[in-house]
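Here is a short report on one protein model. Keep the structure in view while you read.

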Amino acid sequence: MASPASQPNPLPAAESPAVGVSVEALSKSYGKLDVFKDVTFAVEPGEIFVLMGPSGSGKSVLLRQVAGLETPTSGRVMIDGHDAGSAETREHVRRALVFQAGALFNSLSVYDNLALYPREHQMGTEDQIREKVMRALEILSLGKTAETFPSQLSGGMKKRVAIARALVMEPQLLLYDEPTSELDPVMSATIDEIIGSLRKEYHVTSVVVSHDCDLALSIADRVGFLMDGRLVHVGKPADLREPADPRIAEFLNPKIDVGNPRFKKIHTET
Ligand SMILES: Nc1ncnc2c1ncn2[C@@H]1O[C@H](COP(=O)(O)OP(=O)(O)OP(=O)(O)O)[C@@H](O)[C@H]1O
Ligand SMILES: [Mg+2]
């Protein structure tokens, strides 16, 4: 595919600068389930921050608080000085979330999936919206898929459509939930490259939730680890090569214990 970096200014650079994110003593519970407690970290404008952690540790829940889709139980998320859930943030900060499962509308063509938000928010005439949509599709090498429907696309293409849909909003803050899960190594590397290029070209701030250690090593400025309901580590990607915390070492290099009842159960069921 064409590298986004090789294309001549495919989307206009953000008119406003990238924004910082400040997560302050954030806790989230659902009824009796405490997902995480007292999580604090900051993401600098233009930074790529990768949030890692085991399945069920609350990565998607945390990202939804940053996206302003849910209200924290306590603490707060500030974006460019405004509360993430507030009307001011919605008005002043262009942010976009790339959902873990894509969240495309199956009844709409790829083109209409991308045009939906700009039409709803009257981001220009139909011709101007067409130009934005087609440019976003070109950046992700998806120009030929405009008239197809999500059910006709591979998993990797759907992931790229979800990123293209976020790009159409010309975001200052891009939130990605597992952008490389279920993709082969080549497609994963392509997505890593796209995330890196978007930051370089448009200076967008990125928070990326992922299990993928290769992604963290190749694109992150800093990595955070969410485990056992706490943010247990924030540091440079190089720290992942020799993690000080044994829980992180175990997560990155799991030793498979064939005597473990959970392992036996999975392998006798398949
Ligand atoms: N809306 C909700 N209501 C109740 N519980 C929820 C809700 N959303 C998430 N949870 C619970 O919160 C916990 C964390 O879920 P979350 O989806 O954030 O995990 P995750 O770290 O993103 O996992 P994965 O890596 O598998 O995507 C889980 O126990 C989940 O069941
Ligand atoms: Mg998740």
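## The ligand shell

Sorted by class, the residues around ligand 1 are 4 nonpolar, 7 polar and 1 charged. This is a predicted model.

Which residues surround ligand 1? The list includes Tyr30, Leu33 and Val35. Gly53, Ser55, Gly56, Ser57 and Gly58 are also part of the shell. Lys59, Ser60, Val61 and Gln100 complete it. Helix 1 gives the largest share of this shell, with 3 residues. Strand 2 and helix 1 each supply at least two shell residues.

4 strands make an open sheet, and their order is 2-1-4-5. Strand 2 (33-43) and strand 5 (82-83) are the edge strands, each with pairing on one side only. Helix 1 (residues 59-66) packs on this sheet. Helix 1 touches strand 1 (21-30), strand 2 and strand 4. The direction of helix 1 makes about 125° with that of strand 1.

Strand 4 covers residues 74-79. Strand 4 pairs with strand 5 in the antiparallel sense, over 2 bridges. Find Met78 there: Asp83 in strand 5 stands opposite.

## Strand 8 and its partners

Strand 8 has parallel neighbours. Strand 3 (residues 48-52) pairs with strand 8 in the parallel sense, over 4 bridges. Val50 has Val208 of strand 8 as its bridge partner.

Helix 6 (residues 185-202) forms a β-α-β unit with strand 7 and strand 8. What is the handedness of this β-α-β unit? The unit is right-handed.

## Strand 8 under cover

Are the residues of strand 8 buried or exposed? Strand 8 spans residues 205-209 and is mostly covered, with 5 of its 5 residues buried.

Which way do these residues point? Thr205, Val207 and Val209 point one way. Ser206 and Val208 point the other way. Residues on both sides of strand 8 are buried.

Definitions and conventions
Residues are numbered from 1 along each chain as its sequence is written. Chains are lettered from A and ligands numbered from 1 in the order in which they are written. This is a predicted model: local features need pLDDT of at least 70, side-chain atom pairs count only at pLDDT 80 or more; totals for chains, interfaces and linings use all residues. A residue is buried if 20 or more other C-beta atoms lie within 10 Å of its own, exposed if 12 or fewer, and partly exposed in between; C-beta atoms are placed from the backbone. Two strands pair if DSSP finds at least two bridges between them. A crossover is right-handed if, with the strands pointing away from the viewer, the path from the first strand over the helix to the second runs clockwise. Two residues are in contact if their C-beta atoms, placed from the backbone, lie within 7 Å. Axes are lines fitted to C-alpha atoms, for helices over the stretch in contact, and angles run from 0 to 180 degrees between N-to-C directions. A residue is near a molecule or strand if its C-beta atom, placed from the backbone, lies within 6 Å of it. Ala, Val, Leu, Ile, Met, Phe, Trp, Tyr, Cys and Pro count as nonpolar, Asp, Glu, Lys and Arg as charged, and the others, Gly among them, as polar.
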